[in-house]
Amino acid sequence: MTSPANSARFSAQKRRVALHSMLAAAALTLLKLATGLLSGSLGVLSDAAHSGLDLVGASLTFFSVRVSDQGRPTKTTPMATARLKTSPPSAKSS
Ligand SMILES: [Zn+2]
């Protein structure tokens, strides 16, 4: 069964993995960007742009993991119990 202690440990593990993924993507992006700028290689620069997009994805994952952990696990929702509350689009236009 999932005890609160196990759940907290699992949440911390998920956040740590997501954070490490984000840091690795940031390091790769910076290295490729520096290499591309120093060598003037368009290929490496475009790969740096690709890695930058991967960094955006890893950041979204990290954010999502944090949001999903805000809430108490129940029988029907053992993992993600919180939801992002979005405000409806404004009717005004300018
Ligand atoms: Zn990629």
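## Basis of the description

Helices, and likewise strands, are DSSP runs numbered from the N terminus, a helix having at least four residues. The model described here is predicted.

## Overall content

The protein comprises 2 helices and 0 strands. Of its 94 residues, 6% count as buried. Among the contacts in the protein with a separation of 6 or more, 49% are between residues 24 or more positions apart.

## Helix 1

Helix 1 contains 36 residues, and at 1.5 Å a residue these should span 52 Å; the end C-alpha atoms are 52 Å apart, in agreement with that expectation. Just after helix 1, Gly40 adopts a positive phi of about 75 degrees.

The buried residues of this helix are Met22, Ala25, Thr29 and Lys32. Helix 2 is included in what covers them. In an α-helix there are 3.6 residues a turn, so residues three or four places apart point the same way.

## Packing of the two helices

Two packed helices are described by the angle between their axes and the distance between the axes. For helix 1 (residues 4-39) and helix 2 (residues 42-68), the axes come within 8 Å and cross at roughly 165 degrees. Helix 1 is therefore roughly antiparallel to helix 2, since an angle over 145 degrees counts as such.

The contact of helix 1 with helix 2 involves, by class, 14 nonpolar, 9 polar and 6 charged residues. The crossing of the two helices is left-handed.

## Thr29

Thr29 is found in helix 1. Is this residue, Thr29, buried or exposed? The threshold for a buried residue is 20 or more other C-beta atoms within 10 Å; Thr29 has 20 such atoms within 10 Å and is therefore buried.

When residues up to four places away in sequence are not counted, Thr29 touches Ala48, Ser51, Gly52 and Leu55. The C-alpha atoms of Thr29 and Ala49 are separated by 7.5 Å, although these residues are 20 residues apart along the chain.

## Ala24

Ala24 also lies in helix 1. With 14 other C-beta atoms within 10 Å, Ala24 is partly exposed, because this class falls between the limits of 12 or fewer for exposed residues and 20 or more for buried ones. Ala24 and Leu55 are 31 residues apart along the chain, and their C-alpha atoms are separated by 8.5 Å. Leu55 is also one of the residues that Thr29 touches.

Definitions and conventions:
Residues numbered from 1 in each chain as written. Predicted model: local features only at pLDDT ≥ 70, side-chain atom pairs only at ≥ 80, totals over all residues. Axes fitted to C-alpha atoms, helices over the stretch in contact; angles between N-to-C directions. Parallel < 35°, antiparallel > 145°, perpendicular 65-115°, else oblique. Left-handed = near helix turned anticlockwise from the far one by under 90°. Nonpolar A, V, L, I, M, F, W, Y, C, P; charged D, E, K, R; others polar. Contact = placed C-beta atoms within 7 Å. Expected span 1.5 Å × (residues − 1).
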